[in-house]
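User: Hi! I'm new to protein models and would like to learn about the spaces and helix contacts in this one. Could you take me through it?

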Amino acid sequence: MTEPVGKFASRNALQTFTLLDTIEEFHFDACIGGARRDEEKARAKERIFSVRDEFGGWDPKRQRPELWNIYNGRIRKGENVRAFPISNWTELDIWNYIRREKIELPSIYFAHEREVIDFRGQRVAVSPFIRLDETDQVQKVRVRYRTVGDMTCTAAVESSASVIDDIIREITATRTSERGETRIDDRVSEAAMEDRKKNGYF
């Protein structure tokens, strides 16, 4: 594997390779993830127990029914399950839980001033990992991150939310999903996330 190049190169393929290699090395039957169905339309097809084939690939047509919260974790040799215990939660559920449990968070989730460039309506932080072009206009904007991912393809959102209650108010008012507003790599094609999952992405 070689690291992709380009203005907003995604490292998803590198992450997938490392994950699949680790699963094979340690013979894991199950891996636990934090994906939620409200994040992205391919993840809306996901199950809480998501069966992956011997190559780590995901086939939405092979996913098992999960009626009445009954889960089938049976797998064949070489297969594994990706378990998503908070799949039925929403972004709002997460923030209400954080507030209730008084969980401390890194400051990146709250509004802070940052140098950004605009890319098709998304605010991308200026960093050594992206290539600035002559047409890019660097601005200092008050932003926060709805999700924290690869800096090369995860955008911030303009925000003045400095406390959890402010964030909850923003989420309640927004009509755009967390990934829909912030992930450049999900906009590569209509099926970008689904294609990555078929290749073994978490």
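User: Which helix gives the most to the lining of the second largest pocket?

Analyst: This is a predicted model, where local features need pLDDT of at least 70, side-chain atom pairs count only at pLDDT 80 or more, and totals for chains, interfaces and linings use all residues. Residues are numbered from 1 along each chain as its sequence is written, and side-chain values use heavy atoms, leaving out hydrogens and water. On a 1 Å grid over the protein atoms alone, a pocket is an open set of points with protein on both sides within 12 Å along at least five of seven lines, and lining residues have an atom within 4 Å of a point. Helices are DSSP runs (H or I, at least four residues) numbered from the N terminus, and the one that gives the most here, with five residues, is H1.

User: How much space lies in the second largest pocket?

Analyst: Of its 18 lining residues, the closest to the centre are Leu20, Ile23, Glu24, Glu54 and Gly78. A volume is the space filled by probe spheres set on the grid points, which are joined across faces, edges and corners. For the second largest pocket that comes to about 340 Å³.

User: And which helix gives the most to the lining of the largest pocket?

Analyst: The largest pocket holds about 500 Å³ of space and has 26 lining residues, with Arg36, Glu39, Thr147, Val148 and Glu178 nearest its centre. Helix H1 (12-26), H3 and helix H5 (178-182) each supply at least two residues of that lining. With four residues, the helix that gives the most is H3.

User: Is H3 roughly parallel or antiparallel to H4?

Analyst: Helix H3 (residues 91-101) and helix H4 (residues 164-173) pack at an angle of about 165 degrees, with their axes 10 Å apart. Axes are lines fitted to C-alpha atoms over the stretch in contact, and angles run from 0 to 180 degrees between N-to-C directions. Angles under 35 degrees count as roughly parallel and those over 145 as roughly antiparallel. Therefore H3 and H4 are roughly antiparallel.

User: Which residues line the largest cavity?

Analyst: A cavity is a set of points where a 1.4 Å probe fits but cannot get out. The count comes to one cavity of 30 Å³ or more, and about 30 Å³ of space lies in the largest cavity. Its lining is made up of Ala35, Arg36, Arg37, Arg43, Glu46, Phe84, Ser87 and Lys197.

Terms used: Angles under 35 degrees count as roughly parallel, over 145 as roughly antiparallel, 65 to 115 as roughly perpendicular and the rest as oblique.
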